[in-house]
Amino acid sequence: MSILTHTFRLANGVERPKIGLGTWQVKNGEEAYQSVRLALKNGYRHIDTAEGYQNEESVGRAIRDSGIPRNQIFVTSKLESHIKTYEGAKAAFEQTLKALQFDYLDLFLIHAPWPWSEMGKDCRKGNIEAWRAMEELYQAGKIRAIGVSNFDPKDLDNIINNCKIVPHVNQIAYFIGLDQSKTIAHCRQHGIVVEAYSPLGIGFVLSNPDIQKVATKYNVSPAQICIRWCLQKETAPLPKSTHEGRIIQNSQVEFEISADDMALLDSIKGDPRRWD
Ligand code: A2P
């Protein structure tokens, strides 16, 4: 059975496919539509979008046009990072459902602990307010699981210590070379599943000579090593691609990286991402 059918169980019992298709920076319209259609055609059953990606409309349309029953596809979206009020969160969620043309969501995340334009700003109160709205939507059955994204241990503690529901998921940037051990340990301690966005370091880690060496040894691509590494770290990778061959390749990761080779990959340090 394909690894695309393997799931992580969230603390509330909901199963989410381990590998999902990321859609960050995938343009609304034909690009996002085709990427999601190709992924679903090739067995993906987990699609990750966000209000901030501005492609929910195409993602939703591709899912509906696939003809696959809605309840067989796990769909995530995210509350825009600047929305830090109860009313704002409720309204934004309704807007997300409208854009996707769905009547429920599988997972809804607070996209970041602060607005992207004010990274590091203290938004503890606002995050609690937004979380209260998400708890209500969850309890009303409009979302099957709720979580956060880009939260560090202190941001998580703010929710855990002041709210009723512990986040089911924390979605963070995670790829070979980027040390997220403290956040991951904190998530484990609280039963929070870690999702890995940019598991290929937006493509920039793929030219690392050590990753290439390990890839050659296993007769797979560097991208497959990166995705398999995330899985062996018990995190849920969300690789994105707009090319069918790569979408397929990124799901062919039924091999095991040995402990020695994991140690070699773990010794790689640094974040080569560029934003140009
Ligand atoms: P493309 O969409 O043209 O396939 P991340 O998931 O870490 O954000 O990385 C996404 C980037 O990596 C995109 O630029 C994507 O390009 C590229 N990419 C995705 N899958 C592969 C692959 N199997 N081999 C090489 N590049 C890939």
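## T76 and its contacts

T76 touches H46, I47, D48, T49, L107 and L109, leaving out residues up to four places away in sequence. A contact here means heavy atoms within 4.5 Å. T76 sits in strand 5, which runs over residues 74-79. Strands (E, at least two residues) and helices (H or I, at least four) are DSSP runs, numbered from the N terminus. Is T76 buried or exposed? T76 has 0% relative accessibility, so T76 counts as buried. Buried means under 20% relative accessible area, exposed means over 50%, and partly exposed lies in between, with a 1.4 Å probe and protein chains only.

This is a predicted model, in which local features need pLDDT of at least 70 and side-chain atom pairs count only at pLDDT 80 or more, while totals for chains, interfaces and linings use all residues. Residues are numbered from 1 along each chain as its sequence is written, and side-chain values use heavy atoms, with hydrogens and water left out.

## The whole protein

The protein has ten helices and ten strands. Its C-alpha atoms fill a box of roughly 55 × 40 × 40 Å, taken along the principal axes. How does the radius of gyration agree with that of a compact globule? For 276 residues, such a globule would have a value near 19 Å, and the protein has 18 Å, which agrees. The radius is taken over C-alpha atoms, and the globule rule is 2.2 Å times the number of residues to the power 0.38.

Buried residues make up 55% of the 276 residues. Take the contacts with a separation of 6 or more: residues 24 or more positions apart account for 74% of them. The accessible surface comes to about 12,100 Å², and 50% of that belongs to carbon and sulfur atoms. Areas come from the Shrake-Rupley method with a 1.4 Å probe; for residues, only the protein chains shown count as cover.

Charges come next. There are 33 positive and 33 negative side chains, and the centres of the two sets lie 1 Å apart. Lys and Arg count as positive, Asp and Glu as negative; His and the chain ends are not counted. Each charge is placed at NZ of Lys, CZ of Arg, CG of Asp or CD of Glu.

## Helix 6: a buried side

Which residues of helix 6 (residues 181-189) are buried? They are T183, I184, H186 and C187. These residues cover an arc of only 160° around the axis, so they lie on the same side of helix 6. The arc is that of the directions from the helix axis to the C-beta atoms. An α-helix has 3.6 residues a turn, so residues three or four places apart point the same way.

The face turned away from the buried side carries the exposed residues K182 and Q189. Cover for the buried residues includes helix 5 (153-162), strand 8 (169-173) and strand 9 (193-197). After helix 6 comes G191, with a positive phi near 70°.

## Helix 8: mostly covered

Helix 8 spans residues 222-232, and nine of its eleven residues are buried. They are A223, Q224, I225, C226, I227, R228, W229, C230 and L231. What covers them? The list includes strand 9, helix 7 (209-218), strand 10 (236-238), helix 9 (244-249) and helix 10 (259-266). Just after helix 8, E234 takes a positive phi of about 60°.

E57 is in helix 2, residues 56-65. With 36% relative accessibility, E57 counts as partly exposed. Beyond its neighbours within four places in sequence, E57 is in contact with N28 and A99. E57 and H82 are 25 residues apart in sequence and 21 Å apart in space, C-alpha to C-alpha.

W24 lies in the loop between strand 3 (21-22) and helix 1 (30-41). W24 has a relative accessible area of 26% and is partly exposed. W24 and P239 are 215 residues apart in sequence but 9.7 Å apart in space, C-alpha to C-alpha.

## Positive phi in two loops

Most residues other than glycine have a negative phi. N150 is not a glycine, yet its phi is positive, about 65°. N150 is found in the loop between strand 7 (143-149) and helix 5. Its relative accessible area is 17%, so N150 is buried.

S198 is another residue other than glycine with a positive phi, near 50°. S198 lies in the loop between strand 9 and helix 7. At a relative accessible area of 7%, S198 is buried.
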